[in-house]
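Morning, everyone. Please have the sequence and the model open while I talk.

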Amino acid sequence: MAEPKDNVTIPELSTLLQMDPYLKPFEKDFQRRYALFQKCLFQLEEVESGFDQFTRSYQSFGAQRQANNGLIFKEWAPAAEALFLTGDFNGWDNFSHPYTKKEHGKWELHIPPKGDKSPAVPHLSKLKVVVHTRGGERLYRISPWAKYVMSGGDSFVYDWVHWDPPHPYMHIHPRPKKPRSLRIYESHVGIASPEGKIASYTNFTINVLPRIKDLGYNCIQLMAIMEHAYYASFGYQITSFFAASRLFGKWGAAVTARCVLRGKLIQ
């Protein structure tokens, strides 16, 4: 694998040290960190065809349905000894669907469609990745690229729910024109209400969006829309980067009740 040059030049470092001499004792540490940063970029260029392509990993990792309704499951687990897929679709068999080890710590599993040409893993199936470690452990994990996760009952243990509707959502409104300048309104769906509960997307649509528009903003920064198990974290402790949080939908009321009872609700 390609390695960055030994002598890494940090752009404008001398200017920074002149502006703030108190940083001078940390010059070597800046160089060390920048070298590590450069090394990561080199690795991404070689393994993932660049940083931009790496940011689109959700298009190839996790579960991906192909044109023929076959499914490709892809994970990154460089320290694993073996990977298997288990779930509703195979009766929670821990060994029937092994992943194949690829280069650079990647694992892939191809599942062909069923005889009627439908996907072998139905929409809303529950799944887990079975990870066998080199130390002999067997671990059950959710894919980091899961698009939907759900906790059952009063538990904070999450299930990976396979999100693959037969008829995916189609946008009915055109993309807004790019404004000449941005006026950004930072907001949080869950606390966008004076009531002592987790507010919903419906509340945000009806009561908050019109106010943002009337105030003259043309861009909204939505915080904490990714799944987070502990609501009091305000969404900073994310559990699933590619799953939209269910907290602000129909399950929000149940989660609110649990948080209030446990004294963990922050408003």
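I'll go through the core, the rings, a helix, a loop and the cysteines.

First, ground rules. This is a predicted model, where local features need pLDDT of at least 70, side-chain atom pairs count only at pLDDT 80 or more, and totals for chains, interfaces and linings use all residues. Residues are numbered from 1 along each chain as its sequence is written, and side-chain values use heavy atoms, with hydrogens and water left out.

Start with the core. A nonpolar core is a set of buried Ala, Val, Leu, Ile, Met, Phe, Trp, Tyr and Cys residues joined through side-chain atoms within 4.5 Å. Buried means under 20% relative accessible area, exposed means over 50%, and partly exposed is in between, with a 1.4 Å probe and protein chains only. The largest core has 23 residues. Which of them touch the most other members? They are F73, L83, L85, Y99, I111 and W160. Strands β2, β3, β5, β6 and β9 each supply at least two residues of this core. Strands here are DSSP runs of E, at least two residues, and helices are runs of H or I, at least four, numbered from the N terminus. A second, separate core has eight residues, including V189, I198, L247 and F248.

Now the rings. Rings of Phe, Tyr and Trp (its six-membered ring) pair if their centres lie within 6.5 Å; planes under 30 degrees apart are stacked, over 60 edge-to-face, the rest tilted. That gives nine aromatic pairs. Take F73 and W160: their centres are 6.3 Å apart and their planes at 70°, so this pair is edge-to-face. F73 lies in β2 and W160 in β9, so the pair ties together parts 87 residues apart in sequence. Buried or exposed, what is F73? F73 is buried, at 0% relative accessibility. W160 is buried too, at 2%.

Next, helix α4, residues 201–214. Its buried residues are N203, F204, V208 and I212. Why might such a spacing matter? An α-helix has 3.6 residues a turn, so residues three or four places apart point the same way.

On to the loop between β1 and β2, where G70 sits. G70 is buried, at 6% relative accessible area. Its C-alpha is 7.5 Å from that of A120, 50 residues apart along the chain.

Last, cysteines. A disulfide is a pair of cysteine sulfur atoms within 2.5 Å. How many disulfides does the search find? Zero, across the whole structure. C40 is partly exposed at 41%, and C219 is partly exposed at 25%.

Technical notes
Expected span 1.5 Å × (residues − 1).
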